[in-house]
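Student: Could we go through the charged pairs in this one? I'd like to start with what counts as a pair.

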Amino acid sequence: MSVPHIRALARRASTLAVVTAALVAGAGLPAATAATPGATAQIGAAPRPLPDGAVQAAAPADSTPLDLSVSLALRDAAGAQALAAAVTDPASAQYHHFLATGEFAQRFGADAATVAKVTRALEDAGLKPGALGADGLTIPVHTTVAGAKKAFGVGFAGYRLADGRSGFRNTGAPSLRADAAPAVVAVTGLDTLTDLKAHHQEPKAAPRAKTGAKAGTGVSASAAYPQLCADVRDYYAGYDYLDGRDYFSPTSLAQVYGMNGLNDGGAGTTVAIMSLESYSPDGYRTFENCYGINSPLETVLVGSGARTPADDTNVGLEAALDIDTVVGLAPKAKVLFYQGRDAKSTGFTYDDLLNTYRQIVNDNRADVISSSWGECEGTMDAGVRAAEGPIFLQAALQGQSVYSAAGDYGSTDCYRQESKPDSVRQSQSVDDPSGQPYVTAVGGTSLSGTLSSPTEEVWNDGDGAGGGGLSHNTLSGTGNYQAGFTGPGYGNVCFAGPGSACRQVPDVAAVADPGTGYLLAVGTDSWRIIGGTSGAAPLWAAVTAHVDAAATCTGRVGLVNSQLYAAAKAGRSPLKDIASGNNDLGFLGGKFAAAAGYDMATGLGTPKGDQLVGALCMPAATYVPVTPKRILDTRNGTGRGQVGAMATVDLKVGGQGGVPTSGVTAVVLNTTVADTASAGYLTAYPAATRRPLSSNLNWTQGAVVPNLVTVPVSTDGTVSLFNGSWGSSDFIADVAGYYTTGGTGSKLAPLAPKRLLDTRNHTGHGTVATKTGVSLQIAGAGGVPPTGATAAVLNVTAVDTASGGYLTVYPSGVDRPLASNLNWTTGQVVPNAVIVPIGSDGRIELYNGSWGSMDIVVDIAGYFSPTATGGKFQAVKPARQIDTRQGYGRMTDGRVLALGLSVPSTATSAVLNVTVTGPASPGYLTAWPDGSGKPLVSSLNWVAGSTIANQVTVPVHNGKVDLTAVGGAPNVVVDLFGYYSS
């Protein structure tokens with residue numbers, strides 16, 4: 001390749017960099033200037049160079065139909081990019097405050113005046129523009145070649161390419177009326193000479209199976225990954241092809257990439273696959289039959305035109321690789337197969353590509369998006385890339401994680417474009433859309449060794465290599481997540497200015513070597529081994545589906561780039577660093593080599609699946625107690641009115657009752673239900689998430705029932721309270737404290753439960769008279785140190801109640817708050833967990849707010865202190881641990897249930913909601929750490945026939961707690977709401 005040619009290519013790249021920098025750096029719209037009547041202005045750069053060997057053919061007829069898109073500039077590019085950085089920054093008040101469907105257009109779409117101006121200009125040019133798209137940035141135009149010539153001042157020429165394809169393209173840059181042109185980023189759809197590629201490769205000698213696959217073993221309860229059926233495994237073994245050595249099944253990939261601890265199967269999440277070809281339904285049924293699964297797959301067709309059916313030799317290989325990888329590794333996730341027009345069909349344009357991405361993002365149904373199609377930046381049209389950027393920015397703002405295959409030709413991504421001259425094919429280039437700032441680019445590795453101790457290096461077999469290198473897109477300001485990461489071989493090819501840098505590719509990697517590829521079904525009983533970064537991208541999409549589904553995530557994690565680079569910078573990367581090999585196919589002197597830390601061959605590394613949850617989801621938090629304060633009482637309209645049958649109240653807790661507006665992972669509320677028209681239950685959960693199968697309170701008609709609730713908050717600081725009854729009810733909520741990531745709170749010190757007060761036998765105090773209180777010493781009692789404790793974890797029970805009433809527990813030294821911890825009717829036995837601040841004198845107060853006497857029992861279960869070693873709190877999505885009505889049977893006297901919990905081995909205590917239902921006589925339940933003696937305390941008390949719940953904070957031993965019930969032989973339901981870990 002000649003130096004002058006490279007410089008010319010660099011000049012074209014600089015033009016593209018200027019266009020893209022306006023998008024990335026947030027330059028916004030140019031100031032409007034006065035235009036001479038009839039004057040026009042050019043939009044974007046001149047068309048890209050013709051493919052090498054292209055022969056001019058007949059120009060398209062003027063009547064040839066065209067479907068175009070006029071892409072408008074963002075209303076506030078800088079604001080959108082700043083928000084994109086904030087929603088992935090755990091230190092930001094906007095962290096994970098993702099935009100709702102349609103909100104992007106409202107906030108960042110072109111304003112009405114701009115849309116009207118461009119629409120008028122198009123109409124004046126003789127076009128009939130359609131309605132503004134859902135993104136607020138796209139105006140569709142259906143016209144003809146003649147209409148485009150007149151409206152945009154372009155000519156068209158036809159060509160026959162060296163590979164036999166024919167098509168046409170515009171011969172110059174489009175232009176539009178000068179007052180409207182500055183608002184337009186690109187006009188796409190004028191060029192049918194696209195060269196998009198699917199990034200998969202087949203090994204040269206791998207056998208192809210035709211097996212008549214029998215049903216597999218499916219997804220077991222203990223693992224989320226289906227097992228390969230024996231006949232396929234044995235077929236390949238007959239050719240000395242072994243799982244985990246010569247190819248990888250989902251089970252093997254899960255082991256290699258540390259996913260065995262992620263056993264939810266991606267349940268509750270949705271993955272979108274962007275495809276430009278059909279998939280084989282027969283092949284998918286073959287895959288399902290072999291693995292014994294039944295995973296939901298929905299096809300969404302984008303655009304019109306005939307689709308070429310998949311076969312088992314060519315068409316559909318990419319689709320099969322994408323689908324089988326996602327379904328195999330996340331079999332309980334929903335998969336949406338977005339199928340755009342066939343990339344190789346006559347008349348396919350870049351607009352068909354962009355419209356497929358747009359629909360995925362505008363629909364906003366998918367939590368994760370996987371793309372294995374792309375084109376090298378060195379030959380891609382500048383206007384297409386400029387129009388593409390806001391699509392992925394919108395995805396990031398909506399919390400959609402986008403993964404893109406980085407390409408299969410290493411540092412020379414244009415190499416596979418046979419129609420280009422060697423000077424282009426052998427030049428450094430990355431793949432689009434991997435170079436886009438709001439996409440996570442996935443490079444490729446080779447795997448060897450054993451599944452338990454694999455060796456991994458850059459995939460480069462001389463014929464293909466994992467893509468990577470330097471993009472012409474730039475990163476700057478708070479959005480430059482790669483700041484401080486400079487891969488070996490970095491150069492300023494994008495001509496980035498001060499404070500900016502060229503986007504480096506890839507970000508992450510996974511196995512892509514076709515010599516150790518992915519086993520997939522491509523037709524009826526037909527199997528192939530396929531590799532390429534087209535397998536690595538959906539693998540990462542499947543891993544992220546697991547992360548989104550993890551208990552400690554309260555929804556989407558969004559663009560992962562910022563948090564992965566931040567974790568690496570802090571020395572706690574959840575990735576395996578790859579430091580061996582390079583991705584140069586022999587043209588660039590070794591660029592780009594793997595090295596310790598970030599490099600442009602494998603990025604930050606390959607996934608450690610279970611560690612990604614800790615890096616990307618809600619961080620562990622410390623507790624800050626507050627003086628109890630009422631923030632909801634539907635009886636008097638505080639917060640809202642009465643809650644109807646099967647209805648939900650959304651309660652804003654951020655900024656209420658001493659709870660801050662940011663940095664809060666969970667809130668502790670004392671909830672009470674009153675005026676119940678029928679029996680039912682209350683479920684508390686983070687707002688804007690799926691309501692879990694769990695309950696916090698249960699009641700019978702007419703009852704008044706309290707319970708302490710620890711519930712994660714949504715990204716905007718809101719929790720939802722669901723009335724699970726067929727009658728209306730009143731809800732009351734008093735805030736008692738919150739968990740924060742800000743480092744200002746305390747950690748839990750769990751204690752073996754011990755009784756501090758029992759007025760029935762004068763332990764600490766006698767029976768409590770009406771409208772009087774008890775002052776109880778906490779500091780220095782029951783294992784609590786004399787100083788340093790900020791709050792106590794108690795189980796408080798009201799017994800021998802002479803009349804209906806309430807009990808308020810609060811720190812000494814402050815005015816008694818308008819709040820309650822226990823409520824009862826005459827004769828009820830009511831337990832409730834209480835987390836209460838400890839007064840400056842080491843005491844708490846308990847006030848009997850009834851018109852009759854009562855007895856109070858108090859057991860301590862732990863305390864909070866800044867110096868405690870019991871650990872920080874990890875909120876989780878409420879998850880049912882056991883329901884003895886489902887096969888276990890009633891808890892008869894003396895029967896001890898050793899209950900294994902869904903907590904890590906490092907858990908020191910668990911926060912449980914324990915519900916007892918249907919006891920035949922009065923009794924009590926005790927919970928304690930497995931393997932130790934049963935303490936002389938109670939966690940829950942009941943009367944005959946009642947259904948009653950209580951939150952229990954109990955130490956955990958080896959992930960287990962013990963439960964026993966004395967009296968009544970009740971059924972017991974246990975839900976996990978969080979845990980403490982050291």
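Tutor: A salt bridge here is a side-chain nitrogen of Lys or Arg within 4 Å of a carboxyl oxygen of Asp or Glu. This is a predicted model, in which local features need pLDDT of at least 70 and side-chain atom pairs count only at pLDDT 80 or more, while totals for chains, interfaces and linings use all residues. Residues are numbered from 1 along each chain as its sequence is written, and side-chain values use heavy atoms, with hydrogens and water left out.

Student: How many salt bridges does the structure hold?

Tutor: There are 28 salt bridges. One of them joins Asp507 to Arg503, with the closest N and O atoms 2.7 Å apart.

Student: Are Asp507 and Arg503 buried or exposed?

Tutor: Both Asp507 and Arg503 are buried, where buried means under 20% relative accessible area, exposed over 50% and partly exposed in between (1.4 Å probe, protein chains only).

Student: And what does Arg880 pair with?

Tutor: Arg880 forms a salt bridge with Asp975, at 2.8 Å from N to O. Arg880 lies in strand 44 (residues 872-883) and Asp975 in strand 51 (residues 971-981), so the pair ties together parts that are 95 residues apart in sequence; strands (E, at least two residues) are DSSP runs, numbered from the N terminus. Arg880 is partly exposed, at 31% relative accessible area, whereas Asp975 is buried, at 0%.

Student: Which residues do shared partners join into one network?

Tutor: Arg630, Asp633, Arg635 and Asp734 are joined in that way.

Key:
Helices (H or I, at least four residues) and strands (E, at least two) are DSSP runs, numbered from the N terminus.
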